[in-house]
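Dear colleague,

I am handing over the structure below, and I would be glad if you kept it open while reading the notes that follow.

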Amino acid sequence: MNEYPSTAGRPLREILTGDARELAPLLLGAVLTHESREGPVSVRLTEVEAYLGPEDSLHPDPGSHTFHGQTPRNAPMFGPAGHLYVYFTYGMHHCTNIVCGPEGVASALLLRAGEIVEGVGLAQLRRPTSKTPADLARGPARLAKALGLTTADSGRDALAAPFRLVLPSGPATELSSGPRVGVSGAGGSDEYAWRFWLTGDPTVSAYKAAQPRSRARKPPVSGSAGFHKR
């Protein structure tokens, strides 16, 4: 994907109905705000991953929660663009996606990392183990925690109060791409190099390949189908 969709004069929701792989660079530098009861926290996105659809779709993605079809859990990924898909993983972490593509076509961008640009104090209260401001949203679980997001927010509109999403003035000029983090099997290979990040930004998470599964034990369940890590 070498050309990015034009944003000039187009409503944000319409922009987000595009291909997640093309939208990913546009969201680098975007600011997502959650105005909760405790106060506002805003994060400037520095790393995202694109995820697409089921195995029988036009763009099958073996690393996606939707690969084996729609479930009550992953249903927001089939919903309107601009809504949130928040899932719970490993019994301890929430991760946040912004749904992309036309309604009915599974597609989303996982928000992997960012810089807290408003509400640093509140983010620190939510993330007391973070030693530096750069660590507050460095990784998808930290980002969701800093924003105060849980599965209760899955399906909510990220373009309406108490949320706000503001795109940067243009696509990032210094960005990198590569395989997605911790995704097992083909979905984590170079063929699906759908992770995008701002080159050299200190808030970008460290790359980790998926750990080989042990034959002596059943693989840990992560994601809707238990076949990949996100």
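Strand β4, which spans residues 93-99, is mostly covered, since six of its seven residues are buried, where buried means under 20% relative accessible area, exposed over 50% and partly exposed in between, with a 1.4 Å probe and protein chains only. Please bear in mind that this is a predicted model, in which local features need pLDDT of at least 70 and side-chain atom pairs count only at pLDDT 80 or more, while totals for chains, interfaces and linings use all residues. Residues are numbered from 1 along each chain as its sequence is written, and side-chain values use heavy atoms, with hydrogens and water left out.

Helices (H or I, at least four residues) and strands (E, at least two) are DSSP runs numbered from the N terminus, and two strands pair if DSSP finds at least two bridges between them. On that basis β3 and β4 pair in the antiparallel sense over six bridges, with L84 standing opposite I98 of β4. Three residues lie between the strands of this hairpin, and Y90 takes a positive phi near 55° there. β4 is also joined to β5 by three bridges, again antiparallel, and the bridge partner of I98 in β5 is L109.

As for aromatic pairs, rings of Phe, Tyr and Trp (its six-membered ring) pair if their centres lie within 6.5 Å, and planes under 30 degrees apart count as stacked, over 60 as edge-to-face and the rest as tilted. The count comes to two pairs. The rings of Y85 and Y87 have centres 5.6 Å apart and planes at 40°, so this pair is tilted; Y85 is buried at 0% relative accessible area, and Y87 is buried at 1%. For Y192 and W194 the centres are 5.1 Å apart and the planes at 75°, so that pair is edge-to-face.

Best regards
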